[in-house]
Amino acid sequence: MQDSWADILVKSFREVASRLAVFAPRLLAVLTLVLAGWLVAAGARRLAIRILGAADIDGRCARWGITATLGRTGIRRPPSELVGQLVFWLILLVGMLMAIEALEVPAAVGLAPVIIRFLPNLLVAIFVMVIGWLLANFLAQALLIFIVNAQLRGGPALAGALRWLVILFAASVALTQLGIAREMILLVFGIVFGGTTLALALAFGFGGRHLARNALESWLQKREDREPDDMSHL
Amino acid sequence: MSDAAAVVDLFPDASLAGLAAAGPVDVVAGVHIVNQARRAADVLDTVDAALEACSGSRRTGVLVADAESQDGTAEAVRAWRDSGASGPPRGCLDLLAPKHRGRAILALLRAAQRLEAQAVLLVDGDLTGVRADRLQALLEPVLGGEAEYVSPAYTRTVSEGTLTTNLLAPLTRALYGARIQQVMGGCAALAGATIGSWLEPGIETGDWHPHGAELWLTTAALASGARLVEVQLDRKLVTPGGPQPDLATILVRTVGPLFALMERYQAVWPDRTGSAAVARRGDPSAVQADARTPAIEPMVRAFDLGLKDLLPVWEQIMPESTLARLYPLALVDPDEFRLPPPLWARVVSDFAVAYHERRLPRDHLLRALTPLYLGRVAAFVVEARATPLARIPESFDKIDRAFEAEKEHLVARWR
């Protein structure tokens, strides 16, 4: 009975020791990879910020209005630092993926190459979304100012609609780039756009033709009635 | 950049050859013209007559720069040039693309510099009814060594030139410390010796709107501390050589360059305090009554709509302290509408700072000023209705003083 107890104890210690002997180097490798990834990422971030600083990216972004646009969404960091952060997290992500791979966990085997292959598409998708978002804000603001200066009502609603249309378009391009439900997105987008256009055409052509005519007549009448701007401003 | 290179940049050397071959020209009259085929010969004859009248022993010449006319103005100008057997030599500058009024003015100045002119008379071909003796009066202070820059001062009606009286002139006066009436008078005279120092290298590549170069010329004169004289002329009558832009575009083309020039001369204007009167030839004429009083209601409606719909844009430009002073104006009856000069000066100052800090695309920012400007014009017209004509200049003075008082605040925020 006593032998059996001791055997079991020794056996379990041996078992744990042998498992640790196998796992410890992997754990050490994981820690090394994460640490190395962090160091490389931090170095790359510093280098990226320096290069962007030398190219006066912050100044250029301020002149192009990008800094102000970011500021309006609560992002107060300079663009060079944002890009530096992106570089940092991308490299750290690659380091962590390598670390997970080194663990040889059955569920994570082959995960790193898949994600790394996916990264360029992800970067392009992020870029498309950022550009789409900037463009959406720019166009919506331009439309709003134009409508108000033309002394027409409904500016905020139309500008908002345009903003969301551009953002939706950018999102669909980004999702297509990521290969997520490509066919479905194309189909949905086609239906939404085509359907909206057709609906508006039908509404104006048939259902609301009197309303449309009245609206147009009233608008044109208002334009004619409007006091001619015969003031000499200069 | 050498002068020769700069000249070639604006127009081909050959287009100046005819005039240059005649030797140095003492007085150059430069006419910039667009789409004035019918009136071109009359305008140029007037300029020609003005030059002949003040030439004496001086050699004179007329140069015309066509800023891409579409109606045969270029042909009319060439016919006029070729018809001048006697009188001052005549030349046409073939502008290099992009052709527009701003580059035409710069090209005329460069050409005058190249011809070693002692005095230059610049005339906008759009000016109607300008008389030879008036142009001669503009040139005289320069020829007499009394001034380096001569600007016109016009007789005007109450609500004529509201952008000039309510924004361009008061802001210019506050910035550069000279009580000048016109910042874009359509004509001016300047001493040839000053051109070199005002035309900084690379200025040809600037993004000049049609009025930008004219504004720059006045500003350069004020910023450089040049001796200035204003000459009293009659009414400023203009026959535009094309469709007129909408009000928002006018603001982009005038207020934009004014703000841009604040950046160009930011080493100069923050240190200037107060303002001095400009020497004047001719008595200032009384303000005349409007032939037709402008309708206030549409302007107030435009202001109200702006306050309702453009607020998200204005919030990016003006601080809450300014907006809080604007909110109550939405509740005022059009006939009692008030947008007092101090508040207006603060609004313009906020826009200038936002323009400088590029808080939003500059075109958007300048267009967003339109409803506020209309509000200010409405307030001015309401006030003018209740003011005797003789006291209207006091209203102008009140606006000017409000901008001067605002300057300290503007300088503090301008980085």
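Reply: Two strands are said to pair if DSSP finds at least two bridges between them. Helices (H or I, at least four residues) and strands (E, at least two) are DSSP runs, numbered from the N terminus. Residues are numbered from 1 along each chain as its sequence is written, while chains are lettered from A and ligands numbered from 1 in the order in which they are written. The model is predicted: local features need pLDDT of at least 70 and side-chain atom pairs count only at pLDDT 80 or more, whereas totals for chains, interfaces and linings use all residues.

Eight strands of chain B form an open, mixed sheet in the order 3-2-1-4-8-6-9-12. Its edges are strand 3 (90–93) and strand 12 (279–281) of chain B, each of which pairs on one side only. From one strand to the next, the twist averages 25 degrees. Within the sheet, strand 6 (149–155) and strand 8 (187–191) of chain B are antiparallel and share two bridges; Val150(B) has Ala189(B) of strand 8 as its bridge partner. Helix 5 (101–114) of chain B packs on the sheet, where it touches strand 1 (27–33), strand 2 (60–66), strand 3 and strand 4 (119–124) of chain B. Contact requires C-beta atoms, placed from the backbone, within 7 Å. The direction of helix 5 of chain B makes about 165 degrees with that of strand 1 of chain B; angles run from 0 to 180 degrees between N-to-C directions, and axes are lines fitted to C-alpha atoms, for helices over the stretch in contact.

Asn35(B) lies between strand 1 and helix 3 (40–55) of chain B, and its phi is near 50 degrees, a positive value in a residue other than glycine. Asn35(B) is buried because 22 other C-beta atoms lie within 10 Å; a residue is buried with 20 or more such atoms within 10 Å of its own C-beta atom, exposed with 12 or fewer, and partly exposed in between. Glu116(B), in the loop between helix 5 and strand 4 of chain B, also has a positive phi, near 60 degrees. Glu116(B) has 14 C-beta neighbours inside 10 Å and therefore counts as partly exposed.

Chain B is divided into domain 1 (3–281) and domain 2 (297–413), with bounds from an automatic or database domain assignment. Their C-alpha centres lie 30 Å apart. The contact between these domains takes 22 residues from domain 1 and 25 residues from domain 2 of chain B. On the domain 1 side, helix 10 (247–264) of chain B gives the most, with nine residues.

The contact between the chains takes 31 residues from chain B and 22 residues from chain A. Helix 11 of chain B supplies the largest share of the chain B side, six residues.

Key:
Contact = placed C-beta atoms within 7 Å.
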